[in-house]
Amino acid sequence: MKIYERIRELSRKYGLRNEEKMILGTDGSVTNLLEILFEGDVIVKTINQKIVDDVNYRTVILEVNDIPLVYATSKTPFKNIEHGLRESIKRDLLSADIPIGRILKMHNLETRREIIDIDVKEVDKEVRKLLKTDRKILPQRTYNIIHNNKILMQITEIFNVGEHL
């Protein structure tokens, strides 16, 4: 199924706003879209970060103007990062407060995003608390960031954008 068909299906079922559809389907920077929509800088608040077997796992909240908009988890296997860039990207990821889109841009990495899943699903109580919402189901997606035909990162994002537009 094509991405727009999946989003159309979800929109008919859940009444997605146009902005939510654009964020779910973009193959570009969510950080950039959030800054345009909410007219402010994206701030990253790290919830959890750990390295296990040379893979970085990171959980963050993305906020604009003190509004929590995205709960995101990422998995970055360092072995898939070119050796010459590995340490500087690792350092930026571990600094924790830089959005991934900015890290990729800072290092001039040519990447593409490959969407794996788009859905509207129930989210657990802890995520709702972090996003400061009572909504039990939220739009979300999972995608890979590909660089040199290798998966650089896998990211899952849960969006609480609709109630703030």
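Me: Which helix supplies the largest share of the lining of the largest pocket?
Reply: This is a predicted model. Helix 3 (30-38) and helix 5 (100-106) each give at least two residues to the lining of the largest pocket. The largest share is four residues, and the element that supplies them is helix 5.

Me: Which residues line the largest pocket, and how many of the lining residues are charged?
Reply: The lining consists of Ser 29, Thr 31, Asn 32, Glu 35, Gly 101, Arg 102, Leu 104, Lys 105 and Arg 113. One residue of this lining is nonpolar and four are polar. The charged residues of the lining number four.

Me: How much space lies in the largest pocket?
Reply: Among the residues that line the largest pocket are Glu 35 and Arg 102. The space in this pocket comes to about 190 Å³.

Me: How much space lies in the largest cavity?
Reply: The structure has one cavity of 30 Å³ or more. The space in the largest cavity is about 180 Å³.

Me: Which element gives the largest share of the lining of the largest cavity?
Reply: At least two lining residues come from each of helix 3, strand 2 (55-64), strand 3 (67-77), helix 5, strand 5 (137-147) and strand 6 (150-159). The largest share is three residues, from strand 2.

Me: How many residues of the lining of the largest cavity are nonpolar?
Reply: The largest cavity has 16 lining residues, and Leu 62, Ile 100, Tyr 143, Ile 155 and Glu 157 lie nearest its centre. Of the lining, four residues are polar and three are charged. The nonpolar residues number nine.

Me: What span does helix 1 reach from its first C-alpha to its last?
Reply: Helix 1 covers residues 3-14, twelve residues. At 1.5 Å a residue the expected value is 16 Å, and the helix comes close to this. Its span is 16 Å.

Me: Why do the buried residues of helix 1 lie on the same side?
Reply: The buried residues of helix 1 are Ile 7, Leu 10 and Ser 11. An α-helix has 3.6 residues a turn, so residues three or four places apart point the same way.

Me: What do the buried residues of helix 1 pack against?
Reply: The face turned away from the buried side of helix 1 carries the exposed residues Arg 12 and Lys 13. Just after this helix, Gly 15 has a positive phi of about 65 degrees. The buried residues of helix 1 pack against helix 2 (18-25) and strand 4 (112-122).

Me: Is Leu 10 buried or exposed?
Reply: Leu 10 is found in helix 1. Leaving out residues up to four places away in sequence, Leu 10 touches Gly 15, Leu 16, Ile 118, Asp 119 and Val 120. The relative accessible area of Leu 10 is 3%, so this residue counts as buried.

Me: What arc do the buried residues of helix 2 cover around the axis?
Reply: In helix 2 the buried residues are Glu 20, Ile 23 and Leu 24. They are on the same side of helix 2 because the arc they cover is only 100 degrees.

Me: Which residues are exposed on the other side of helix 2?
Reply: The cover over the buried residues of helix 2 includes helix 1, helix 3, strand 4, strand 5 and strand 6. On the other side of helix 2, the exposed residues are Asn 18 and Met 22.

Me: What is the relative accessible area of Thr 142?
Reply: Thr 142 lies in strand 5. Not counting residues up to four places away in sequence, Thr 142 touches Ile 115, Ile 116, Asp 117, Gln 154, Ile 155 and Thr 156. Thr 142 is buried, and its relative accessible area is 15%.

Me: How far apart in space are Ile 51 and Thr 76, C-alpha to C-alpha?
Reply: Ile 51 lies in strand 1 (residues 42-52) and is partly exposed, with a relative accessible area of 39%. Neighbours within four places in sequence aside, Ile 51 is in contact with Asn 56, Phe 78, Lys 90 and Leu 94. Ile 51 and Thr 76 are 25 residues apart in sequence, and their C-alpha distance is 9.2 Å.

How values were computed: Residues are numbered from 1 along each chain as its sequence is written. This is a predicted model: local features need pLDDT of at least 70, side-chain atom pairs count only at pLDDT 80 or more; totals for chains, interfaces and linings use all residues. Side-chain values use heavy atoms; hydrogens and water are left out. On a 1 Å grid over the protein atoms alone, a cavity is a set of points where a 1.4 Å probe fits but cannot get out, and a pocket is an open set with protein on both sides within 12 Å along at least five of seven lines; lining residues have an atom within 4 Å of a point. Grid points are joined across faces, edges and corners, and a volume is the space filled by probe spheres set on the points. Ala, Val, Leu, Ile, Met, Phe, Trp, Tyr, Cys and Pro count as nonpolar, Asp, Glu, Lys and Arg as charged, and the others, Gly among them, as polar. The expected span of a helix is 1.5 Å times one less than its number of residues. Buried means under 20% relative accessible area, exposed over 50%, partly exposed in between (1.4 Å probe, protein chains only). Contact means heavy atoms within 4.5 Å. The arc is that of the directions from the helix axis to the C-beta atoms.
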